[in-house]
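My entries follow in the order of looking.

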Protein chains: 2
Amino acid sequence: MSEAISNLSRKEQVIRKAAELFKEKGYAAASMRDLAHLLGIEAASLYSHIKSKEEILRSLCFDMAAEFQKSLAEVESKNVTASEKLRNGIIGHIQVMAKDLTASAVFMNEHRHLSQPYLRDFLLMRINYINRFKSIIEQGVKSGEFKDSIDKKLAVMTLFSSLNWMPMWYDPGSAIDPLQLGLQLADMLVNGLKKNA
Amino acid sequence: MSEAISNLSRKEQVIRKAAELFKEKGYAAASMRDLAHLLGIEAASLYSHIKSKEEILRSLCFDMAAEFQKSLAEVESKNVTASEKLRNGIIGHIQVMAKDLTASAVFMNEHRHLSQPYLRDFLLMRINYINRFKSIIEQGVKSGEFKDSIDKKLAVMTLFSSLNWMPMWYDPGSAIDPLQLGLQLADMLVNGLKKNA
DNA sequence: ATATATAACTAACAGTCGTTACTTGAAATT
DNA sequence: AATTTCAAGTAACGACTGTTAGTTATATAT
């Protein structure tokens, strides 16, 4: 009971440090001895807190996935135009990433090192998420808000590429804050889709 | 002499297969034994053709980098408006990637596993390339072709994110060919920047 | 003071890593 | 026919991998 609670604290320290390491070196190139060294302990001691290296990766990937799902569900629940929905979806996605840039980078770049069946589950969630954005775009094309000349797969993939690379270059100490970043990004992308911008 | 020429052929087979493997599993998770197995030979036999695992990665990364540089230099040499230049730059970048999607994916995702001083050199080339695109955007802002309300770093990073993820999702057997893809991508991105599109 | 939980330790395992040294058989060149 | 080049082979190296088993010191709760 209290076991679980106080475990969490130290366990989360381990997971957070692992996220930094995985982001920097990549999951496969990051060893448990590297991680232990960063925490000032021995590699074997890590296993008092976590079950395996991959458990850490799973935790990072699926926790982020849950955050993204939550954000998008809220956006979908509101009855607004497609362009407004897309805009809110983008802003929400950016906000979720900005809350943990390190985990976001791992989520994006290292998920492929998940083993089955976790990898399958992860990819299914991801496709589902992308398709929901695609639906918003299609809705916007149907309502006449968006051009119909652009390939929808291209549009949604371009959107996700832009969003997902953000954790790689965004400096949280920079002049532009995450909300502004989301707004500008949405503006840049949505107005690129909009007819008669 | 003839040594170098006929070596090239087999060496290139090795490098190409390595590119596929590196793309699929990531550089660090791909072993020389995996690679050898794919080629139907023993791991040690690889070293008749290449000096080291990293030499393969270097070859892939720097060859792609040279192609990108060449493409951009040609675009810059023509005296056209900034939006036309940006458009041509995007199309050129896409064309270079389309010529070798596998190597492009490795270039983009695995370059960080280069050791020093190669990593430093690589990153310098990359920054230089990005800055030249940034200059084109700045030129367009100055000439009034592009909005000045959008952060230039954001704009150029969004651009590169969109471009660089293409090898991850583009299916060369799909309905849309690389040139069309380049045109649509350029249209989507450039018109998103343009004032009064 | 005693019991419990936490977080660390040492030692070691079986397996994999990139790579080297040396050898061999076939093909091409002289 | 003799020599060289090419592409592969076998065996093995030292280092590193994730992980386990079992132990110990410290802090907290009873």
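**Copies and interface.** I checked which surface the copies use and found that 100% of the interface residues of chain B are also interface residues in chain A, so the copies meet through the same surface. Contact here means heavy atoms within 4.5 Å. I then laid chain B on chain A, which took a turn of 180 degrees and a shift of 0.0 Å along the axis, with an RMSD of 0.0 Å. The two copies are thus related as by a two-fold rotation axis. The superposition is by least squares on the C-alpha atoms of residues with pLDDT of at least 70 in both copies.

**Basis.** I note that this is a predicted model, in which local features need pLDDT of at least 70 and side-chain atom pairs count only at pLDDT 80 or more, while totals for chains, interfaces and linings use all residues. Residues are numbered from 1 along each chain as its sequence is written, chains are lettered from A and ligands numbered from 1 in the order in which they are written, and side-chain values use heavy atoms, with hydrogens and water left out.

**Chain A overall.** I counted eight helices and zero strands in chain A, and the order from the N terminus is α-α-α-α-α-α-α-α. Helices (H or I, at least four residues) and strands (E, at least two) are DSSP runs, numbered from the N terminus. The C-alpha trace of chain A spans about 60 × 40 × 35 Å along its principal axes.

**Record features.** I looked up UniProt, where an unreviewed entry places "domain: HTH tetR-type" at residues 8-68 of chain A. That stretch of chain A, residues 8-68, is 69% helix and 0% strand, with its end C-alpha atoms 22 Å apart. The unreviewed entry in UniProt also gives a "DNA-binding region" at residues 31-50 of chain A. Residues 31-50 of chain A are 40% helix and 0% strand, and the end C-alpha atoms lie 14 Å apart. UniProt positions are in the numbering used here, feature names are shortened, and annotations may be inferred rather than shown by experiment.

**α6(B) on α7(B).** I found helix α6 (residues 118-142) and helix α7 (residues 152-169) of chain B packed at an angle of about 120 degrees, their axes 10 Å apart. Axes are lines fitted to C-alpha atoms, for helices over the stretch in contact, and angles run from 0 to 180 degrees between N-to-C directions. α6(B) and α7(B) are therefore oblique to each other (under 35 degrees is roughly parallel, over 145 roughly antiparallel, 65 to 115 roughly perpendicular, the rest oblique). The crossing of α6(B) past α7(B) is right-handed (the near helix is turned clockwise from the far one by less than a right angle; anticlockwise is left-handed). The contact includes B:Tyr129 and B:Phe133 of α6(B) and B:Met157 and B:Phe160 of α7(B). The contact residues of α6(B) with α7(B) divide into nine nonpolar, one polar and five charged (Ala, Val, Leu, Ile, Met, Phe, Trp, Tyr, Cys and Pro count as nonpolar, Asp, Glu, Lys and Arg as charged, the others, Gly among them, as polar).

**α5(B) on α7(B).** I found helix α5 (residues 101-110) of chain B packed on α7(B) at about 130 degrees, with axes 9 Å apart. That makes α5(B) oblique to α7(B), and their crossing is left-handed. Among the contact residues are B:Leu101 and B:Met108 of α5(B) and B:Trp165 and B:Pro167 of α7(B). By class, this contact of α5(B) with α7(B) has seven nonpolar, three polar and no charged residues.

**Cis bonds.** I checked the peptide bond from A:Gln116 to A:Pro117 and it is cis, with omega near 5 degrees. A:Pro117 sits in the loop between α5 (101-110) and α6 (118-142) of chain A. In chain B the bond from B:Gln116 to B:Pro117 is cis, with omega near 5 degrees.
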